[in-house]
2 protein chains.
Amino acid sequence: MIKTALGIDIGGTNTEVGLVDKNGKCLQIQRFSTAADRPFVEFMAQLEKAIALITHNGEIKPFAAGVGAPGANSETGRLEDPENFSWGSVELAGIMQKKFGIPVKVINDAKAAALGEMKYGQALNLKNFVQITLGTGLGSSIIIDGKLVEGHDGLAGELGHIKVRESTRQCSCGKIGCLETYASANGLCRTVFELLSRNKTDSKLREYSYEQINSQMVFELAQNGDELAIEAFKYTGTVLGETLAGVISLLNPQAILFAGGLTSAGNYLFEPLIQSIEKNLLNMHKDTVDILISDQRINYAVSGAASLVFNTNGKHK
Amino acid sequence: MIKTALGIDIGGTNTEVGLVDKNGKCLQIQRFSTAADRPFVEFMAQLEKAIALITHNGEIKPFAAGVGAPGANSETGRLEDPENFSWGSVELAGIMQKKFGIPVKVINDAKAAALGEMKYGQALNLKNFVQITLGTGLGSSIIIDGKLVEGHDGLAGELGHIKVRESTRQCSCGKIGCLETYASANGLCRTVFELLSRNKTDSKLREYSYEQINSQMVFELAQNGDELAIEAFKYTGTVLGETLAGVISLLNPQAILFAGGLTSAGNYLFEPLIQSIEKNLLNMHKDTVDILISDQRINYAVSGAASLVFNTNGKHK
């Protein structure tokens, strides 16, 4: 029997559970709604069902599980009161170990994605890169010399909470003007509303409430030539590019790898983003960095999480 | 005879040449004016004299030399057209090797300082820290897991050229709004002039031209209670603190170590700086970082440069 592990990616919206082999290949996958606003026990019931399905009711026996989740602390195995979750702090590794009878390791979701990309994805063989996930929020990880940067207390990588604008948007973290309030699906929608308030441009977007719009709608309108939608992507790319120019000045990575739903916007986002990066770099840093986009069909956080429990020797193909 | 090496720190204003033992102790030191606006051959003549003096005309025989200098490329041994120098690009290691008949290694000056601090100074035993030199400009280095972060092309660490303000101050690098145009001796003087233009506050500083003022004068006036001078330090600390909060979010270092002339300003600078850092951090990052100030009497770039040529094993005391 093939040796397999569970790779689990707990996201704010959906959770994916994969059966992963030692080469990072995902043999089976199940997805369910995380329902982060519901009690944690309900999530555990859903997780149990999903695992039963992919293990054919226990016929397949994964030897361990790796879990990527927001607020995960690798040292303690706990989720530390993740933002936008109503679970509070949870002994995730301990609870899962008891329930499923296998060893469990947890890691921050952004780091799981970066590990997956480095071992099996777009960042294969890269030693110095920054991974950015543009989803509902903005997740990020830094890899230097082939290793995840953890920081002194395991708290490195919070690019989303760098202040990028004065006295502007409230962030869910309690601060003002964080990058995440601009460069994320949610940030894009906020930018739409800022532009609607500021400009007189005609736009289909004037017909929707704040509750109604989402980044997919803005993208579709941009494709139909809606100027305000195009402008919203441009502003998003510009603000993100300014910050990334700073990160490049600081760390001189060989690549920045983007993942997450917002990357579907393609050139509406990446053209202004790359222009803004180049504009804000020192001459010596220009053209030193590759802009990579993750394969949207594959959730590398699943295989990245599973890679935590496989021996990592010889894993770099 | 004690095994010694030359440790040389080439600064925009002065150059220091030290005779350094394997423990980083500086047995002799000579200082001369770099005269960066004069031809490189004149600098070499001065350097030759200084070396003759500390080696007692060749009686003492250092086995090698390590040099810290702006724009130094460790791979090629060249200075790459350093800013504010009229030398253009110079094959420094090769020229010195030929002239003095000993092996020569070069390194960026900010990195030499960080190496010195890590091996012999305030950062002894620290594995994750950021070193910032507030001199005429702003130099910086990053240490992660006990190693200098070089970046993919050896260009990491340019904190001074992160954009911190929109459409404001021209930087010598050609960009606008770089941190260095605010957080440096020169940036402080520019802030004084901005405040003089903006506020009506009485100040002795209204009596001096832009050519006449320097950071030392601003410090002395602050000590005498000059409100505008105090305000200039406050603004400098605030802008620097905002950027450092971003660096802490990204890298989660255990300490930030400040060196350079501007640190003499003490609490005029560090009180607003620390307040600004704390204000802009995520709660989880608060109180995670130590603020350290280098010993102003010792130029750690000299011993840091020398440490390049000593075998580094067992050098961490």
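Across all chains, a search of the whole structure finds 22 aromatic pairs, where rings of Phe, Tyr and Trp (its six-membered ring) pair if their centres lie within 6.5 Å, and planes under 30 degrees apart count as stacked, over 60 as edge-to-face and the rest as tilted. This is a predicted model, in which local features need pLDDT of at least 70 and side-chain atom pairs count only at pLDDT 80 or more, while totals for chains, interfaces and linings use all residues. Residues are numbered from 1 along each chain as its sequence is written, chains are lettered from A in the order in which they are written, and side-chain values use heavy atoms, with hydrogens and water left out.

One such pair is B:Phe40 with B:Phe43, whose ring centres are 6.0 Å apart and whose planes meet at 25°, so the pair is stacked. Both residues lie in helix 1 of chain B, three residues apart, about one turn of the helix; helices (H or I, at least four residues) and strands (E, at least two) are DSSP runs, numbered from the N terminus.

The buried residues of this helix (buried means under 20% relative accessible area, exposed over 50%, partly exposed in between, with a 1.4 Å probe and protein chains only) include B:Phe40, B:Phe43, B:Met44 and B:Leu47. Seen down the axis of helix 1 of chain B, its buried residues fall within an arc of 125°, so they line one face of the helix, the arc being that of the directions from the helix axis to the C-beta atoms. On the other side of helix 1 of chain B, B:Val41, B:Lys49 and B:Leu53 are exposed.
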